[in-house]
Amino acid sequence: MVLGAPAGKRLAAVLPDLVPMLRRFGELSIDDATAELLVSMSVATIDRRLAEDRRRLDPKGRAHTKPGSLLESQIPIRTWAQWDDTAPGFMEIDLVGHEGGNAVGNHAYPGR
């Protein structure tokens, strides 16, 4: 994976430089007409053509947090009944991943 699966908008911006370079080093074997079509491809077409391949890169979806059973019985869960939010010590926390869906942290999917 040369670029780490960037979004179509970023990929479209680098294709005019990337395609000739890949052809020069023998990594991409296409004729001039095909190279011109590839370089002029729209962002929407890029995203549409790569959608299936991107789904295979991330087969489990983007959520990577899982409920834990160790503390399950010790953590109160908010129900429809109102809690006393003004009581000292009240805290509410949500866990959100901001690493683009890759919990390893090496940003294998930039631009998503």
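This report describes the salt bridges and the nonpolar core of a predicted model.

Residues are numbered from 1 along each chain as its sequence is written, and side-chain values use heavy atoms, with hydrogens and water left out. Because the model is predicted, local features need pLDDT of at least 70 and side-chain atom pairs count only at pLDDT 80 or more, while totals for chains, interfaces and linings use all residues.

**Salt bridges**

A salt bridge here is a side-chain nitrogen of Lys or Arg within 4 Å of a carboxyl oxygen of Asp or Glu. By this rule the count comes to 5 salt bridges. The table lists some of them, including the pair Asp32 and Arg23.

| Asp32 | Arg23 | 2.8 Å |

Arg56 is exposed, with a value of 55%. Glu52 counts as partly exposed at 40%.

Helices and strands are DSSP runs numbered from the N terminus (helices H or I, at least four residues; strands E, at least two). Glu52 and Arg56 both belong to helix H3, which covers residues 43–57. They lie 4 residues apart, about one turn of the helix. Arg56 and Asp53 are 3 residues apart in helix H3, so about one helical turn separates them. Asp53 is partly exposed, at 38% relative accessible area. Through salt bridges that share partners, Glu52, Asp53, Arg55 and Arg56 are joined into one network.

**Nonpolar core**

A nonpolar core is a set of buried Ala, Val, Leu, Ile, Met, Phe, Trp, Tyr and Cys residues joined through side-chain atoms within 4.5 Å. Which residues make up the largest nonpolar core? It consists of 6 residues in all: Leu11, Ala12, Leu15, Val19, Ala35 and Ile46. Helix H1 (residues 8–24) gives the most to this core, with 4 residues.

Contact means heavy atoms within 4.5 Å. Leaving out residues up to four places away in sequence, Leu15 touches Pro20, Leu38, Val39 and Ile46.

Terms used:
Buried means under 20% relative accessible area, exposed over 50%, partly exposed in between (1.4 Å probe, protein chains only).
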